[in-house]
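Here is a brief report on strand pairing and charged contacts. Look over the structure first.

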Amino acid sequence: MTTAVASPFRFFSLHVVRTRRLGPSLVRVTFAGDELRDFHSDGCDQSLSLFIPAEGRTEPRVPVELGDGWWQAWREQPDDVRAVMRSYSLRSLRRNPDEIDIDFVLHEPAGPASRWAARAAAGDKVQLLGPAIADNRAIRFRPPADTDLVVIWGDETAVPAVSAIVESLPAGTRARVWLEVHHAGDIQDLATEADVEIDWLVAEKPGVEGSPMALDALREARLPPAEHPYVWIAGESGCVKQLRRHFVGERGIDRRRVTFVGYWRQGLSEEQLRERGE
């Protein structure tokens, strides 16, 4: 029996079912496991914590048996034992059979999660800290009921969440979307019933993070007229903050209707961010 941790979140013991390359920088990994029957999420940008084995090991070492004490015990493990933790967005959840997809960005130079994803194979084991309740605090995309225009920007790390959001938008919804990727081959066709215009921004210098081209593109863009727009921005923290200032300060959108999420920060690893409490 898996121990619940910080309800409504709990650990799920999963294994890789298959992988599929989506583009030069993106790979989709599908996971399954009996415990997924208790995994529930109604969110399009559901955040998850994935634990992969330390380099040279075949299973992720996470002391889930300690209940709420797992965090401190996990941190105190030696570097060559402690499972690597990374945050991802749920790309999709399916039933019969129970499966989830997580899309990984492949970086150069590769970090531990990128290396793992590039060589992941059926049977590889992971631990996932995810939701046991469909409506939970790790869902951020929540447009108010009176929203008459959805505006979205995301970098490569936000492509899975944005893709899920766009696909979920109902008919009659108007949306303007910008997605920034490093390779033209990473551009995807997204099916939706909504009235959506998507601009894919391809970095001029692949591998260079923090490109200012998103801000330039948005400043030049003419948004459709709307009385109650809702904005969702996610990606590199510095770029996200710039874009939030643009929408609130330059376009006059109510800050309460702007959701911004820093998925990563230029020059800092996820471990460093967690040490700083960010």
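The report covers the sheet, then the salt bridges.

## Basis

This is a predicted model, in which local features need pLDDT of at least 70, side-chain atom pairs count only at pLDDT 80 or more, and totals for chains, interfaces and linings use all residues. Residues are numbered from 1 along each chain as its sequence is written, and side-chain values use heavy atoms, with hydrogens and water left out.

## Parallel sheet

Five strands build an open, parallel sheet, ordered S10-S9-S8-S11-S12. Strands are DSSP runs of E, at least two residues; helices are runs of H or I, at least four. Two strands pair if DSSP finds at least two bridges between them. S10 (195-202) and S12 (258-264) are the edges; each has a single partner strand, so one side of each has no neighbour in the sheet.

Eight bridges join S9 (residues 174-181) to S10. Ala175 sits opposite Val196 in S10. S11 and S12 share six bridges, and Ala234 has Val261 in S12 as its bridge partner.

## Salt bridges

The structure holds 19 salt bridges (a side-chain nitrogen of Lys or Arg within 4 Å of a carboxyl oxygen of Asp or Glu). Lys125 pairs with Glu59, with the closest N and O atoms 3.3 Å apart. Lys125 lies in strand S7 and Glu59 in the loop between S3 and H1, so the pair ties together parts 66 residues apart in sequence.

Arg257 bridges to Asp146 at 3.0 Å between the closest N and O atoms. These two are 111 residues apart. Arg18, Arg94, Glu99 and Asp101 form a salt-bridge network.
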